[in-house]
Amino acid sequence: MKKINKQLKSGIAVYFMVIILGIIYALLAHFYKCDFMETTTVIKSHLLGNLFCENGNYCLWPVSHFIMYLMLGYIAPNYWWLWLLTGISWELLEAIIGRIIQNIYNKGLNNDSVVLKDNNNLQYTSKWMCGMKSDILFNSMGLLIGLTIAKIANNTTIPQKSYTITYTV
């Protein structure tokens, strides 16, 4: 039986940690009726907004994506392609599920609870995951910076070459 590589184990552990933290956060947000991750705008960028056809307000969720992928790039750089594909796949899945849920709500089942009332400064205008195109950029940038840090950290010792100088008389 083949052993799982240490880097792959570490990357999977990061995913499990994020899933557990996400579940804890979802429960707390539900019980306390407060989603500070969604309602705290930390980045405003008209450039990104125009590039991705979004409103240009970015909350703590994409920041958490960036940090997660930075960790993955640093801890498990050999599997960068797996993390990138997983991130893109997740965003596509979120977009599909989000549209299905939004369509169900738009048919009149519970329309008031889906659209947030004060959405001028929010990144997300619905209370369900919606798979933002910009999340792929935040994932990719975090991964790229994590890979860069891993490369720098692993090459900190410069190999010393010894030279022998001989004089002939």
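Me: Why is W61 called partly exposed?

Reply: Buried means under 20% relative accessible area, exposed means over 50%, and partly exposed is in between, with a 1.4 Å probe and protein chains only; W61 has 25% relative accessibility and therefore counts as partly exposed. This is a predicted model, in which local features need pLDDT of at least 70 and side-chain atom pairs count only at pLDDT 80 or more, while totals for chains, interfaces and linings use all residues. Residues are numbered from 1 along each chain as its sequence is written, and side-chain values use heavy atoms, with hydrogens and water left out.

Me: What makes Y25 buried or exposed?

Reply: The relative accessible area of Y25 is 15%, so Y25 is buried.

Me: How do you know that C53 and C59 are buried or exposed?

Reply: C53 has a relative accessible area of 69% and is therefore exposed, whereas C59, with a relative accessible area of 1%, is buried. A disulfide is a pair of cysteine sulfur atoms within 2.5 Å, and by this rule the count comes to 0 disulfides.

Me: How many aromatic pairs does the structure hold, and why is the pair of Y15 and W83 called tilted?

Reply: The structure holds 5 aromatic pairs. Rings of Phe, Tyr and Trp (its six-membered ring) pair if their centres lie within 6.5 Å, and planes under 30 degrees apart count as stacked, over 60 as edge-to-face and the rest as tilted. The rings of Y15 and W83 have their centres 5.7 Å apart and their planes at 40°, so the pair is tilted. This pair links distant parts of the chain, with Y15 in helix α1 and W83 in helix α5 (residues 80-109), 68 residues apart. Both Y15 and W83 are buried.

Me: What kind of aromatic pair do Y25 and W61 form?

Reply: Y25 and W61 form an edge-to-face pair, at 5.5 Å centre to centre and with 85° between the planes. Here too distant parts of the chain are linked, Y25 being in helix α1 and W61 in helix α4, 36 residues apart.

Me: Which residues do ring pairs link into a cluster?

Reply: Ring pairs link Y15, Y79, W81 and W83 into a cluster.

Notes:
Helices (H or I, at least four residues) and strands (E, at least two) are DSSP runs, numbered from the N terminus.
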